[in-house]
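Hello,

Here is the structure I promised to pass on. Please open it first, then read my notes below.

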Amino acid sequence: MSNILAGLALLFDPFVLLVMLASATFGLFMGALPGLSATMAVALLVPVTFYMDPVPAVAAMVTASAMAMFAGDIPSVLLRMPGTPASAAYTNDAFAMTRKGQAHVAMGICLLTSAIGGLFGALILATLAPPLARVALRFSSYEYFWLCLLGLTTAGFMIQSSRTRGVISLALGLLVATVGIDPVSGVPRFTFGSTALIGGLSLVPVMIGLFAIAEIFRFYARRVQRAKLEQVEIKGVFEGQGKILWEERRAIAQGNVLGTLLGILPGAGADIAAWISYSLAKRFSRKPQEFGRGSREGLAAAGAANNAAVSGGFIPSLVFGIPGDAIAAIIIGVLFMKGINPGPTIFLNNPSVVYAIFGIFFLANLLMIPLGWVAIKLSRLMLSVRLGILMPIIFVFCLVGAFAMENTVAAVGVALAFGVAGFFMEANRIPLAPFVLGIVLGPLLEQNFLTSMMKSHGNPLAFVDRPIAGALAVLTILIWVWPLINLWLRRRSPVAGRNQG
């Protein structure tokens, strides 16, 4: 109980509340502008949090990500342009409602279901993380090896467009993770004689490059014409929303559960959660013909899923130190810089910080309702900002932020290099999420593998002779072979049908 009270004292510190308010405003602004994603907002906040304590630093990034995830719905409703990738799943429905004169209804559903989804994910985080941490304390290097491998596997296979591209992205991330000193021999790897790379590539400049600088490059490459704002007056956002939420309670519940579960899976994230939740809602809907033409059900299911995934993605991050998505990966990097190591021992060494983080998720999603309402009212003003003026300012801020992390020009070079890499990966439809997971989990996978091999004197059976390690091994291998099993079943079923005929 004392740890909970200490956590609440950290949370309700006036400075923390002020930081949350400022980062909420920043997140709403970033999310509302098409192309500036929630991940980009969090990456840009990293240099700002450099001199903060752990709790306000995490509060800034969690609040900004939650707000940006909702704010991405605003241009979906008014411009038919998703502000964040997670909003793309239901953009057609949101804009169709605007064409029907129901922009205020669409905005209200997006706002309230986002808050409900975030609160549900926060509740699961607060209730599930502590018992999971007690189980994780029994983990040795064998279990962590399989857990890392499972995370990398799900990251590669959860890509909707192409599993091949997902695996390529994952392999590139693992290759980048090998830069630096070999943990056993102490020999430099892939440093090309540069002393700046001996310690490996710092996560934060890499993230700034992949998600912020790459987006700036894409903006200047596209130079698309700004979409015309729908001439609608948005009023009565909350009018009749109680009845609508009750009617769509099944879709919201499905979005909450599915979003949280997919958020827990490394590499899935809010984007995939929104698409899968929308597809599932359409599959089991009584009115599937309305989807794509202004479906409240689709809007509610996907809107709840994307914010639930943000909260759910922090469960493996906090308990095992394995990020659920790119946003969680950035937050993990910041916690490491603050001297706090995510993983089961954080519940023993920093319990008050853990409970403060739980409170941050609840408070951020509660703040979303009043601040989101203000953002909706100011949406026309926010969307009138010219990105041609804003992008150079963001670019300079990215370079300063990358330099501030290590006080070296090499960090700026890393950010620029990965900005170019992120631009070309996106241009060739190679997903970034597996790449990020490869960079984060690669060193952990290698370290636990080498530790396990030394402990077992090279005996591979030691990796599966413990119950939890064996179960994780079976699950991982099953995911590997499942495409082959599925292919065999598909080929066998027509043959079986012909034999019966």
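**What I found**

Start with Thr63: leaving aside residues up to four places away in sequence, Thr63 touches Met20, Ser23, Ala24 and Ala364. Contact here means heavy atoms within 4.5 Å. Thr63 sits in helix 4. Its relative accessible area is 0%, so Thr63 counts as buried. Buried means under 20% relative accessible area, exposed means over 50%, and partly exposed lies in between (1.4 Å probe, protein chains only). Helices are DSSP runs of H or I with at least four residues, strands are runs of E with at least two, and both are numbered from the N terminus.

Before you go on, note that this is a predicted model: local features need pLDDT of at least 70, side-chain atom pairs count only at pLDDT 80 or more, and totals for chains, interfaces and linings use all residues. Residues are numbered from 1 along each chain as its sequence is written, and side-chain values use heavy atoms, with hydrogens and water left out.

**Helix packing**

Two packed helices are described by the angle between their axes and the distance between the axes. Axes are lines fitted to C-alpha atoms, for helices over the stretch in contact, and angles run from 0 to 180 degrees between N-to-C directions.

Look at helix 2 (residues 14-32) and helix 4 (residues 54-71). Their axes come within 7 Å and cross at roughly 30°. That makes helix 2 roughly parallel to helix 4. The cut-offs are under 35 degrees for roughly parallel, over 145 for roughly antiparallel, 65 to 115 for roughly perpendicular, and oblique for the rest.

Which residues make the contact? From helix 2 they include Val19, Met20, Ser23 and Ala24. From helix 4 they include Ala59, Ala60, Thr63 and Met67. By type, the residues of this contact of helix 2 with helix 4 are 16 nonpolar, four polar and no charged. Ala, Val, Leu, Ile, Met, Phe, Trp, Tyr, Cys and Pro count as nonpolar, Asp, Glu, Lys and Arg as charged, and the others, Gly among them, as polar.

Next come helix 7 (residues 103-136) and helix 18 (residues 351-377). They pack at an angle of about 175°, with their axes 8 Å apart. Helix 7 is therefore roughly antiparallel to helix 18. The residues of this contact divide into 19 nonpolar, four polar and no charged.

Ala133 is in helix 7. At 3% relative accessibility, Ala133 is buried. Not counting residues up to four places away in sequence, Ala133 touches Val319, Pro344 and Phe347. Ala133 and Val440 are 307 residues apart in sequence and 20 Å apart in space, C-alpha to C-alpha.

**Aromatic rings**

A pair of aromatic rings is described by the distance of the centres and the angle of the planes. How many aromatic pairs does the structure hold? It holds nine. Rings of Phe, Tyr and Trp (its six-membered ring) pair if their centres lie within 6.5 Å; planes under 30 degrees apart count as stacked, over 60 as edge-to-face and the rest as tilted.

Take Phe145 and Phe449. Their ring centres are 5.6 Å apart and their planes are at 40°, so the pair is tilted. Phe145 lies in helix 8 (residues 141-157) and Phe449 in helix 22 (residues 433-455), so the pair ties together parts that are 304 residues apart in sequence. Phe145 is buried, at 11% relative accessible area. Phe449 is partly exposed, at 33%. Phe423 and Phe424 form an edge-to-face pair, 5.3 Å centre to centre with 80° between the planes. Phe424 is partly exposed, at 48%. Ring pairs also link Tyr142, Phe145, Trp146, Phe449 and Phe463 into a cluster.

Phe217 is in helix 10 (residues 203-222). Phe217 is partly exposed, at 26%. Not counting residues up to four places away in sequence, Phe217 touches Phe395, Leu416, Gly419, Val420 and Phe423.

**Positive phi**

Most residues other than glycine have a negative phi, and most peptide bonds are trans. Phe190 has a positive phi, near 55°. Phe190 is in the loop between strand 2 (188-189) and helix 10. Arg429 also has a positive phi, of about 55°. Arg429 lies in the loop between helix 21 (409-427) and helix 22. Arg429 is exposed, at 57% relative accessible area.

Best wishes
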